[in-house]
Amino acid sequence: MKCAVQAGLRLSTSGRAHRTFLAALLIALGTIGALPASASAQTAFTLPAPPFEMPMVPSVSGTWTVMVGVGGEYKPDFEGANRAMLSPVPIFSLRRAGSTEQFRGPRDSASIAFLDFGDLRAGPVAKFVAARKQYNYSELNGLGDVKAAVELGGFIEYYPVDWFRTRVELRQGVVGPNGTVADFSADFIVPVIQRLMISAGPRFRWESTQATSPYFGIDAVQAMASGLPVFDAKGGAHSYGAGAQVSYRINPQWEVHSYVEYERLLGDAAASPLVTLRGSPNQTTFGIGASYSFDIKIR
Amino acid sequence: MRRCSRCVSFATILLVAVSVGACAMFETGQTKLQGIKTVGVISAVGDEMSFSRMGLTGLNQSSQSFPIGSWGLDDLIVQQATAALSGRFQVQAVSYQRAAFAAIKDSPVAPVNLVRSDPFKKLVQTEVSPQGLDAYIVITKAKSNFGSGARKVEGIGFVSYSTLLTSYNQIHVLYEIRVFDGKSFEIIEKMAAPPLENVATVGLTGPSRLVDESFSPSTGDPVRNENLHGAITDLIARSLSSTLSDMHLAEVR
């Protein structure tokens with residue numbers, strides 16, 4: 001995943017990068033299209049039973065649905081940037097046959113619901129935030145690197161009705177910048193027909209000073225090296241915005257999806273000279289992807 | 001580079017060693033089934049049917065349930081399982097408290113279900129007679145999320161799902177099968193019945209099919225709805241033998 005993200009192609013640099021990405025996308029789709037064209041409802045492969053079973057771990061015997069695919073994400077070079085980059089994103093999931101993936105927003109971190117009452121779910125979350133390297137972008141010259149971050153925390157989500165989800169994530173950096181981040185989101189989930197789903201809703205993020213400062217603060221040394229004025233970035237309301245996504249299941253095997261997430265930086269993140277002089281408080285991410293599902297049976 | 005390749009070699013050797021060790025330590029369910037000759041079948045799936053409205057349904061999404069004990073579905077399940085198992089095992093009739101088996105629910109705290117002892121173990125020890133068979137096959141309700149939403153459905157039910165432009169109806173029979181060792185009462189095998197292979201529906205991890213409005217429990221007395229009764233019976237008949245064969249309990253189809 002990280003490799004895929006790092007392999008991102010700068011859209012702004014050349015059209016060749018664009019073509020390379022599209023070619024890779026088509027090759028990948030062609031490859032997965034060459035898999036047996038049976039169905040997610042019909043078994044493509046039957047595998048023998050595993051040679052052993054672990055105590056307390058449910059048996060793997062039965063039918064599983066494998067989903068593979070590829071997508072592209074066009075997102076700001078870094079938080080606060082005014083230029084964007086197109087990156088390939090791999091898609092993979094494995095689940096018991098028959099189940100569909102539960103609704104997931106593009107901004108959701110990886111999570112597991114340890115507590116599951118159906119309409120109320122909660123559990124741990126984890127998020128990886130890639131390092132920000134100053135030599136990758138001219139706007140960052142002199143500001144130094146910001147190390148990659150690993151944030152751990154918890155989430156809680158509540159569905160008052162099937163078609164509306166609210167979710168809060170609270171994460172604490174444990175590797176790299178060790179600030180606290182709280183993400184709030186709500187999504188109206190509208191099945192238009194059985195195969196077409198549209199969702200949309202508002203977003204809000206709060207960050208502590210330790211989470212904001214490494215990305216938006218400018219100390220005296222950085223100011224001298226970058227030419228930007230000194231700025232002491234404090235935490236608080238970080239951004240608000242909205243997101244929407246649409247997914248369409250063409251047939252039991254193929255599904256395509258697309259999403260857009262807009263976020264407007266607030267507070268000291270928006271007031272930072274990095275944003276006011278070299279970037280933009282308006283941050284928009286577009287994503288698109290296609291996936292192919294097939295079943296495997298384990299005896 | 002050389003160091004990296006050494007690490008890969010070490011990891012490979014370690015993986016092989018762990019796999020071989022694990023093979024020696026943990027038998028498969030199929031191996032454990034080899035010594036079993038006498039089995040008893042317990043079913044607690046079919047005492048009630050749920051009726052849920054899902055999707056774009058406004059604010060009232062409560063579920064209803066109807067008693068369907070008079071359909072004798074548990075007797076049917078025992079009868080069909082006995083027929084499927086008879087080729088391999090000597091199936092003996094057992095008596096049990098069906099309500100006690102039907103009352104057991106999963107904890108909403110997922111790790112609790114993994115850590116605690118299987119709740120049916122004690123019931124098989126205390127509520128089933130005769131004791132002393134080689135194994136007991138326990139068939140109980142299973143749960144599944146419906147579609148991409150968070151709501152779950154369980155056991156036998158009817159779901160009316162509405163979208164912005166259309167709506168459809170689906171029936172389901174969600175159940176799981178456990179095989180308990182008759183001496184230690186440990187679980188030898190456990191599996192939830194998978195979806196039928198020829199269904200075009202998505203959204204449930206167990207047997208289900210689309211039906212029209214005439215099957216709906218909301219029209220008339222659901223217990224007297226012969227369409228509904230027949231469709232549920234058909235789902236059980238079509239899924240039970242294949243699930244037992246997936247568990248290596250019946251002949252492979």
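Biologist: What pLDDT does chain A average?

Modeller: The model is predicted, and pLDDT is the predictor's confidence in each residue. In chain A, 79% of the residues score at least 70. The average pLDDT of chain A is 84.

Biologist: In which helix of chain A is confidence lowest?

Modeller: Helix H5 (residues 267–271) of chain A has the highest confidence, at 97. Over residues 1–22 of chain A the pLDDT is below 50, although this stretch has 28 contacts in the model beyond near neighbours in sequence. Residues 24–41 of chain A are also below 50, with 29 such contacts. Confidence is lowest, at a mean of 34, in helix H1 (residues 2–6) of chain A.

Biologist: Which residues does Ile139(B) touch, not counting residues up to four places away in sequence?

Modeller: Leaving out residues up to four places away in sequence, Ile139(B) touches Ile42(B), Ser43(B), Val45(B), Ile77(B), Ala81(B), Tyr175(B) and Ile177(B).

Biologist: At what angle do H3(B) and H7(B) pack?

Modeller: Two packed helices are described by the angle between their axes and the distance between the axes. Here H3(B), residues 73–85, has its axis 10 Å from that of H7(B), and the crossing is right-handed. The angle is about 35°.

Biologist: How many charged residues are in the contact of H3(B) with H7(B)?

Modeller: On the H3(B) side the contact includes Leu73(B), Ile77(B) and Ala81(B), and on the H7(B) side Ile232(B), Ile236(B) and Leu240(B). By class, there are eleven nonpolar and three polar residues, and the number of charged residues is none.

Biologist: Is Ser214(B) buried or exposed?

Modeller: Ser214(B) lies in the loop between strand E14 (208–211) and H7 of chain B. Its C-alpha is 9.9 Å from that of Asn169(B), 45 residues away in sequence. Ser214(B) has 11, so Ser214(B) is exposed.

Terms used
Residues numbered from 1 in each chain as written. Chains lettered and ligands numbered in written order. Predicted model: local features only at pLDDT ≥ 70, side-chain atom pairs only at ≥ 80, totals over all residues. Contact = placed C-beta atoms within 7 Å. Axes fitted to C-alpha atoms, helices over the stretch in contact; angles between N-to-C directions. Helix = DSSP H or I, 4+ residues; strand = E, 2+ residues; numbered from the N terminus. Left-handed = near helix turned anticlockwise from the far one by under 90°. Nonpolar A, V, L, I, M, F, W, Y, C, P; charged D, E, K, R; others polar. pLDDT = per-residue confidence, 0-100. Buried ≥ 20, exposed ≤ 12 C-beta atoms within 10 Å, placed from the backbone.
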